[in-house]
Structures are given as structure tokens and as C-alpha cells.
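Welcome to this short briefing.

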Amino acid sequence: MNSNLLVWIILAPLLGAVLNAGFYFYHIKKEKVSDLVFSIIGTGTPLISFLITLYLFLRMNEEGIIFKQELFTWLSIDKLNINMGLLADNLSIFMTMFVTFVGWLIHIYAIGYMRGDKGFGKFFAYFNLFLASMLILVLADNPIILFIGWEGVGVCSYLLIKFYYGNAQNVIAANKAFIANRVGDFGFLLGVVTLFFALGEVDLSFTSIEANLSNASSDLLLLSGFLLFIGAMGKSAQIPLYVWLPDAMAGPTPISALIHAATMVTAGVYMVARFHFLYSGLEEIGLFIAYIGAFSALFAAIIATKQTDIKKILAYSTMSQLGYMFIAVGLGFYSTGLFHVFTHAFFKAMLFMGAGGVIMALHHEQNIFKIAQHRASLPIIAITFLIGVIAISGIPPFSGFFSKDAILAAAFQEGQYLIWAIAMFTAFLTAFYMFRMYFIVFIAPSKSSGKYVYTSKTITLPLVILAIGAIGAGFLNYPAVFGGEHLVDTWLNQLNSKTIHLSHSTEYILMLASILVASAGIYVAYKKYANFDVSKPEEEIGLIGNKFYIDELYDVLFVKSSKKLSTFIDKVLDDKIIDGFIMNTSSNFINLGKKVAMLQNANVRFYAAFMLIGMTCVFVYIYITLGL
């Protein structure tokens, strides 16, 4: 069914970005504009998007329909037709619902966090644009329009990571994120091009692609699926394109929350789910995706156990949780993976926002041991942070338990016991490093008086709302083993996801094992850190503390080698060989021209002498030839 409302889901935050940018320029060029104006526009426009999405969701749920909107034909060349079209089916509405809702709460939080910042208006302009880009990505009717949103979130992340560009390290971090994502984006674009030619140059809407898959060769489809996933590796920070994510913490905390909870990093998982009809027939690629997810989850969790920066611990936890999501979608359990995206949005946004509150209270200190040494009393943040830590650790009845446990059961059911074992060990590490952070920041003995620090309602209210989601969101997909109806799986039935059909006894055993493993991680963290002497902090040393030296390895393999190659091309190949050949050749021509020019000096007597010499030579030749 056609609906003119779809475009307004995108236009609302996009207009918010334009208005905030306009007022910001007026603010710096003419006269001061109140932060209240930026706040109303910045938070009001995401709310409009959420309310429109909620209205469409209720209609879809009641009438069993999907919505489309064709705006205009963007490109039409021979057989290539690209329409600027929007699609609101069950998958895109599901994503849009929590992207707009959680995004709106993060916008509210940003009012308190950014209060007094001289770039307040600019920040909200970027923030609104970021949300609009993600909504283009989610609501796109074809992969080309999806790619516009895909690039949009990349540009906005770059702008926000280097928001405080006066610090050179922030600019370096933004460049790193931008370049690493360009590698993945190039793979994504090649995947779309390969798919276009594989299908016989048909219309590139998702519906048309799905309908014509049978016309394509399996080799080209395999290549396309692999290339598309390279894009997902970059956006969702999976091995080997993950290195940008921890450094992205250089931006203000609200942007960290938005990137990790509702936008950007979830785009890769969404993309694989959107192409479910392609990956369902590519079991080799699906298994590859699952293993990349498993090893990424484990690798990130191991690194997180030795980190001391509170935001970087959370960043590695995001990479790890994304690995779980890719295990699910790689094995064909698309709705299960998306359910973890959904629950993760609540507790990860809350954790980042809680961390931001702590950082603000301690004048932007991010080292967990120094935070503990100068501990402030933040009761609401402490309680909500604990809820988030429990949820991500997978302890029932918090939301993370239901979504993570379903992924573990999926791997076990498919006979992928190595993946299941890796995921279980990662669950242990997750509980350990998250509670390590919690015990150090909030529990370990400290000489600080822990004086109460006031936090504004714009910070605490979103945390409380998200805490409710972190506790209860899991019940939306309550397992059948407990009499649940799997509402999320039912809503996403268009994806033709595999479902859990293990015996009840097996499910109970798997759940119990998961709980015991997570509890063991909590116990180890408690024994080591609940009474830890924070005056003698751990340092990021050794192989794990230095992140396995992957950044240094990449620097040698790619950065320094590229620099050396560029220097060789510039100084040797270009200057000495190419330019040398061209300049030597041109010099020879110039010298020859100078010698020739001696004959063309505009002197009449010189020309007369040459004429006389020439005529003399002719006469001599005739004389000799004729024998006169």
C-alpha cells in the first residue's frame, strides 16, 4: 500500500539537521541563539519520526499490509532503473521502531551532556543528520538507496568522532574510522555491481532481486554475497575491519551511544538480514559469516578484560555482541539475530549513557581506576548501570538472556559445536569484564568520600526508560519452552528464519549451562575486583593489554608500507623515471630547436649569403653532372 508518510520518517530529522545548522550559523555570525531552540528541534524531530513509525506499525499489525512510497526515478539507463523508493515491511518497521525510539532518548540525553558546549547547535545538526541517514538505510527499497544511507552514517560518524577537532588524536581517530569503513564500503559496492550483472541487469529493487535470483549463476551469487559481507565487516566492526571502533570513542559520549545502540554498527547485521533471500542459498558464506562473528566476539571479549578506559571496554563489548548477532544471521536465524540487535539497543545505550554520566561527574576522566579513586555518588546511574551489566551478561529474566540464549541454542541445534563453545566461553568473559568494570567503578573500596553529584533529568530520565527496556524487552520473544509466543519471530516471519526446535529438556540444559557460565564470570570478577585496591591500578600491558598489537601490525602492513610505496612512486618512479624521461626528451627537443633557430635569425644578409651558397652548390652540381 502506498503511503506518503514514509518519507516524513526521514524528512523530520533531516529538516531538524537543516534547521539546527541554519540557526547555528546565525548563532555564530549574527547573534546568540538559545540552546533551548536547538534542543526542541533536535529532540522534537526524532519524536515525530517515532510517532509516524508507531502509527504505521499499528496499521500493519492490524491490517497485515506493507507500505511503499515511490518518490521519483533517480536513474534510468538502458536496463538499469533506480527509483528513489521507500519500503516499510515488517523488517524495516521493526528496525525503525527502536532506532527512532532509542535514538530519541539519546537525543534527550545529549541535551544534558552537551549543555554549555559552544558547539551545541552544530552537534544536534550532526546528530539529526546521523539519524536521518540511518533511516534512509533502513527504509530503502533497493541496495543503491540503502548505500546512500550507508555512506551517510559513515560521514556523520566521521564528523562526530572528530567533533572536538582541536585535539589531533580525535582527528586521527575519525580518519581511521572513515578509511576503515571505505574498505568495507568498496566491497559492498562491488557486491551490488556483481549482483546486478549476475541477475541479468534487472531492476535493483529488493523484490526484483529476490524474484530473479534463480536466473543467476551460483558462482556470481557466491562472490556477491561475500563482497556484500565485506561491507558488513566494516560497518559492524568485525575481524579484520574492527580497528576503528575503539578509537571512535574519541567523540562525545552521546554519539558513542547512538553509534553502538541504534545506528551504524547495527547496519551490517540489518543488511545481511535484508538480503536473507540471497544468503539462505549460500550456506558456505553463511557459515563463514557465523565463524567471523564467533571469532570477533571472542577476540573482542579477550581484549576487553584488560582495558582500563570505560568507553573502550563498552566499545569492545559492542564488537563482541555484534559477533553473536552475526552467528545467528550467518546460520540462517535472522529473526534471532535481529532480536539480539533489539535488546542490545536498550542495554548498550543505557551503559554508554551511564558511563557518560560518570565521566561528566569526574570532569571527563575515563580510566576506571581513577574514576574509582575519586568516586562520586551517582545512585540512579549506578542502579541503571548494574541493570545493563546484568542484561549484557545474560542473566534471566533480563533481556540479554533471552536473545543471547536463543543464539547459543541456534548454534547448538545446527551442530556447530565449535561456534557454540566459542560463544559460551565468550559469555563467561563478557560477564567477567563487565562486572570487573562495575565492581571497580562502583563497589571497590575507595578513599574518596563519594560525595553526591547532581545529574539533570535529561540524563537520568532516558536511563530509567532504557532500564525498563533492558529488563523487559526480552519478554517480547519469550521462548515457547516457557509458554511464550515468540512475538518477534512471528513479526519477522517474512525472513523465513530457521527456528529453534530442540527438545524442552535440551533447551533447559542449554539455558542452565549459559546461566552457570555467566554466573562463573561474575563470581571470578567479584573475587578479584569487589575488594580491589584501586590505588594500585592495573595497566594495559602485555599482549592482551596492547590489543595483540593489531594496530601496530596494520600500521606496518598498510600505513607505513603505503607511505613507502607512495614515496617511491613520487620520488623515484615519477620524478626520476617518468619525469626524467619526459624532461630529458623535451630538453633534447629544446636544444635541437635552438640549433635550428640559428638558421632562422631574421637577418636578410644572412639569408642572402645562404641563397648564394645554395645557388653556387646547384651550379657546381650541374657543372659536374653535365661535364661542362
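Which are the buried residues of α10? They are Thr253, Pro254, Ile255, Ser256, Ala257, Leu258, Ile259, His260 and Ala261. Please keep in mind that this is a predicted model. The protein chain holds 25 helices and two strands, and 55% of its 628 residues are buried.

**The chain as a whole**

- The C-alpha trace of the protein chain spans about 130 × 65 × 55 Å along its principal axes.
- Taking the contacts in the protein chain with a separation of 6 or more, 80% come from residues 24 or more positions apart.
- The largest nonpolar core has 211 residues, and among these Val272 and Phe275 touch the most other members.

**Helix α10 and its surroundings**

- Helix α10 covers residues 253–261, and nine of the nine are buried, so the helix is largely enclosed by the rest of the structure.
- The partners that the buried residues of α10 pack against are α3 (90–113), α4, α5 (143–161), α9 (244–247), α14 (310–330) and α15 (334–361).
- With α14, the axes come within 11 Å and cross at roughly 10°.
- An angle under 35 degrees counts as roughly parallel, and α10 and α14 are therefore roughly parallel to each other.
- On the α10 side of this contact are Thr253, Ser256 and His260, which meet Lys311, Leu314, Ala315 and Thr318 in α14.
- Sorted by class, the contact of α10 with α14 has two nonpolar, four polar and one charged residues.

**Helices α1 and α4**

- How do the axes of α1 and α4 cross, and what distance do they come within? Helix α1 (residues 6–29) and helix α4 (residues 120–139) have axes that come within 8 Å and cross at roughly 160°.
- That angle makes α1 roughly antiparallel to α4.
- The α1–α4 crossing is left-handed.
- From α1, the residues in this contact are Leu6, Ile9, Ile10, Pro13, Leu14, Gly16, Ala17, Asn20, Ala21 and Tyr24. They meet α4 residues that include Gly121, Phe124, Asn128, Ala132, Ile136 and Leu139.
- By class, 16 nonpolar, four polar and one charged residues make up the contact of α1 with α4.

**Leu6, a residue of α1**

- Leu6 is found in helix α1 and, at 0% relative accessibility, counts as buried.
- Although Leu6 and Leu139 are 133 residues apart in sequence, their C-alpha atoms are 8.3 Å apart in space.
- Leaving aside neighbours within four places in sequence, Leu6 is in contact with Leu56, Phe67, Lys68, Gln69, Leu86, Leu87, Ala88 and Leu139.

**Helices α8 and α13**

- Helix α8 (residues 218–235) and helix α13 (residues 283–304) have axes that come within 10 Å and cross at roughly 20°.
- α8 and α13 are therefore roughly parallel to each other, and their crossing is right-handed.
- Leu222, Gly225, Phe226, Phe229 and Met233 are the α8 residues that meet Glu284, Ile285, Phe288, Ile289 and Ile292 in α13.
- The class breakdown for the contact of α8 with α13 is eight nonpolar, one polar and one charged residues.

- Val272 has contacts with Phe229, Ala232, Tyr279, Ile289, Phe326, Val329 and Tyr334, leaving aside its neighbours within four places in sequence.
- Two of these contacts, Phe229 and Ile289, also take part in the meeting of α8 with α13.

**Ala301, a residue of α13**

- Ala301 lies in helix α13 and is buried, with a relative accessible area of 0%.
- Not counting residues up to four places away in sequence, Ala301 touches Ser320, Thr426, Leu429 and Tyr433.
- Ala301 and Leu626 are 104 Å apart in space, C-alpha to C-alpha, and 325 residues apart in sequence.

- Is Arg274 buried or exposed? With 4% relative accessibility, Arg274 counts as buried, because the cut-off for buried is under 20% relative accessible area.
- The place of Arg274 is in helix α11 (residues 267–274).
- Arg274 touches Leu87, Asp89, Leu91, Ser92, Val138, Phe206 and Gln494, not counting residues up to four places away in sequence.
- Leu87 is one of the residues touched by Arg274, and Leu87 is also in contact with Leu6.

Technical notes. Residues are numbered from 1 along each chain as its sequence is written. This is a predicted model: local features need pLDDT of at least 70, side-chain atom pairs count only at pLDDT 80 or more; totals for chains, interfaces and linings use all residues. Side-chain values use heavy atoms; hydrogens and water are left out. Axes are lines fitted to C-alpha atoms, for helices over the stretch in contact, and angles run from 0 to 180 degrees between N-to-C directions. Helices (H or I, at least four residues) and strands (E, at least two) are DSSP runs, numbered from the N terminus. Angles under 35 degrees count as roughly parallel, over 145 as roughly antiparallel, 65 to 115 as roughly perpendicular and the rest as oblique. A crossing is left-handed if the near helix is turned anticlockwise from the far one by less than a right angle, and right-handed if clockwise. Contact means heavy atoms within 4.5 Å. Ala, Val, Leu, Ile, Met, Phe, Trp, Tyr, Cys and Pro count as nonpolar, Asp, Glu, Lys and Arg as charged, and the others, Gly among them, as polar. Buried means under 20% relative accessible area, exposed over 50%, partly exposed in between (1.4 Å probe, protein chains only). A nonpolar core is a set of buried Ala, Val, Leu, Ile, Met, Phe, Trp, Tyr and Cys residues joined through side-chain atoms within 4.5 Å.
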